[in-house]
Amino acid sequence: MNHFVYNTLSALSYHISKKSFLVVKKWRDLELFTLIIDIFSSPAFKSLTREEQEKLYVYIDELRGKDIDREEKKKWLTICLEQLESIELKEEVLSRTLKKKD
């Protein structure tokens, strides 16, 4: 199977974009793969602008190469996911508030 088909099918199986999969597949050996999948499959991440998504891609790519231990990387990724979930909750509350006003 060629790389294009493999990357596309893998991205679809995780419900993320191909660009997200290209970033996350570099992390398979560091046991943080599922945490990054959770970040990229988050509805809040998907609602970010392309520029904001690109910034996260770049930082997560750079984080992999940084000379810090796995626990520090895991801590940063966990905080990132929590912040995305917080954004998602705020959007839900805002939409409910707007519906109640109508």
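A word on the source. This is a predicted model: local features need pLDDT of at least 70, and side-chain atom pairs count only at pLDDT 80 or more, while totals for chains, interfaces and linings use all residues. Residues are numbered from 1 along each chain as its sequence is written, and side-chain values use heavy atoms, with hydrogens and water left out.

Now the fold. The protein chain has six helices and zero strands. Helices (H or I, at least four residues) and strands (E, at least two) are DSSP runs, numbered from the N terminus. Of the 102 residues, 29% count as buried. Buried means under 20% relative accessible area, exposed over 50%, and partly exposed in between (1.4 Å probe, protein chains only).

What about contacts, meaning heavy atoms within 4.5 Å? Take those between residues at least 6 apart in sequence: 51% join residues at least 24 apart.

On to the core. A nonpolar core is a set of buried Ala, Val, Leu, Ile, Met, Phe, Trp, Tyr and Cys residues joined through side-chain atoms within 4.5 Å. The largest one has 24 residues, and Val24, Phe40 and Leu77 touch the most other members. Helices H2 (18-24), H3 (33-41), H4 (43-46), H5 (50-65) and H6 (70-101) each supply at least two residues of this core. H3 gives the largest share, six residues.

Look at Phe40. Not counting residues up to four places away in sequence, Phe40 touches Ile16, Ser20, Val23, Val24, Phe45, Lys46, Tyr57 and Ile60.

Last, the rings. The whole structure holds seven aromatic pairs. Rings of Phe, Tyr and Trp (its six-membered ring) pair if their centres lie within 6.5 Å; planes under 30 degrees apart count as stacked, over 60 as edge-to-face and the rest as tilted. Tyr6 and Phe21 have ring centres 6.0 Å apart and planes at 70°, so they are edge-to-face. Tyr6 sits in helix H1 (residues 3-14) and Phe21 in helix H2, 15 residues apart. Tyr6 is partly exposed at 33%; Phe21 is buried at 0%.

Tyr14 and Phe33 are also edge-to-face, 5.5 Å centre to centre with 75° between the planes. Tyr14 lies in H1 and Phe33 in H3, so this pair ties together parts 19 residues apart in sequence. Ring pairs link Tyr6, Tyr14, Phe21 and Phe33 into a cluster.

Conventions. Contact means heavy atoms within 4.5 Å.
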